[in-house]
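Welcome! Please take a moment to look over the sequence and the model below, and then we can walk through them together.

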Amino acid sequence: PYRKGRGGTNIGRAVHSALQSVDLSTGQGIDEISQAQAAAEGIPNRWKEVAYLAQIAMDSNVVREAVASGRYFREVYVGAPVGSVLLEGFIDLVFESEEGLIIIDYKTDGVETADEIARSMDRYKLQGGSYALALERATGKVVSKVIFLFLHTGSEVVMDDLPKAMDGVQAAIEELVS
């Protein structure tokens, strides 16, 4: 049951759990937290990889911006009605900026080249649009960006045409229930 809403690999779950627990501003205790999370996922010998990927996230510009904002939230459950459907998910990190809410989603898949990242973004449009639509509906606040943070490269990719992605989610839901 603890895996509900948490797709991905054991490494991915361990990294996400470490980033949920560690002090994002200092990274203090990341080795111990990574060891515990790797053990919990059944991969105790890979804790250094967990710590390394978590450190890349903490060192990224967007996570530093989130921490500096003073108003950031981790592993945020969001649910909102879209028509007759409850759209829900877990957002890795969200923070408030002058532009609006900014969603950050950590990606631990092994994509490394610009082409691989571009291809994977096609898969993530539905996810990003769903998070933004649900968060706007739940909070009444504008989501200005969805950023996918690819931890194997440290690449921060801002999702293109967020309003169109949100409209696509709305249309997909309407088609699903019609």
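## The overall layout

From the N terminus on, the elements of the protein run α-α-α-α-β-β-β-α-β-β-α. That makes 6 helices and 5 strands, where helices (H or I, at least four residues) and strands (E, at least two) are DSSP runs numbered from the N terminus. Before going further, please keep in mind that this is a predicted model, in which local features need pLDDT of at least 70 and side-chain atom pairs count only at pLDDT 80 or more, while totals for chains, interfaces and linings use all residues. Residues are numbered from 1 along each chain as its sequence is written, and side-chain values use heavy atoms, with hydrogens and water left out.

How does the overall size fit the chain length? A compact globule of 178 residues would have a radius of gyration near 16 Å, and the protein agrees because its own value is 16 Å. This radius is taken over C-alpha atoms, and the globule rule is 2.2 Å times the number of residues to the power 0.38. Along the principal axes, the C-alpha atoms fill a box of roughly 50 × 35 × 35 Å.

## Surface, contacts and charges

Of the 178 residues, 45% count as buried. Here buried means under 20% relative accessible area, exposed means over 50%, and partly exposed lies in between (1.4 Å probe, protein chains only). The accessible surface comes to about 9200 Å², and 51% of it belongs to carbon and sulfur atoms. Such areas come from the Shrake-Rupley method with a 1.4 Å probe, and for residues only the protein chains shown count as cover.

Contact means heavy atoms within 4.5 Å. Among the contacts with a separation of 6 or more, 61% are between residues 24 or more positions apart.

The protein has 17 positive and 26 negative charges, and their mean positions are 4 Å apart. Lys and Arg count as positive and Asp and Glu as negative, with His and the chain ends not counted. Each charge is placed at NZ of Lys, CZ of Arg, CG of Asp or CD of Glu.

## Inside the protein

Now for the interior. A nonpolar core is a set of buried Ala, Val, Leu, Ile, Met, Phe, Trp, Tyr and Cys residues joined through side-chain atoms within 4.5 Å. The largest one has 30 residues, and Leu19, Ile104, Tyr106, Leu149 and Leu151 touch the most other members. Two or more residues each come from α1 (10-21), α2 (30-40), α3 (47-59), α4 (61-69), β2 (85-97), β3 (100-107) and β4 (143-150). The largest share, 8 residues, comes from α3. A second, separate core of 29 residues includes Val82, Ile117, Leu135 and Phe150.

Which residues does Leu19 touch? Leaving out residues up to four places away in sequence, Leu19 touches Leu24, Ala54, Ala57, Met58, Arg74, Tyr106 and Leu151.

The table gathers relative accessible areas for a few residues.

| Residue | Relative accessible area | Class |
|---|---|---|
| Ser60 | 5% | buried |
| Glu75 | 13% | buried |
| Tyr72 | 24% | partly exposed |
| Asp161 | 46% | partly exposed |
| Ala68 | 69% | exposed |

Ser60 is in the loop between α3 and α4. Not counting residues up to four places away in sequence, Ser60 touches Leu149 and Glu156. Ala68 has its place in helix α4; Ala68 and Ala54 are 14 residues apart in sequence and 18 Å apart in space, C-alpha to C-alpha.

Strand β1 (residues 72-82) holds Tyr72. Beyond residues up to four places away in sequence, Tyr72 touches Leu24, Ala66, Val67, Leu93, Val94 and Phe95. Glu75 also lies in strand β1.

Most residues other than glycine have a negative phi. Glu75, however, has a positive phi of about 45° although it is not a glycine. Asp161, in the loop between β5 (155-158) and α6 (162-177), is another residue other than glycine with a positive phi, near 45°.

Our last stop is Glu99, found in the loop between β2 and β3. Where does the chain come back to Glu99? The C-alpha atoms of Glu99 and Val142 are separated by 8.2 Å, and these residues are 43 residues apart along the chain. Glu99 touches Ser144 and Lys145, not counting residues up to four places away in sequence.
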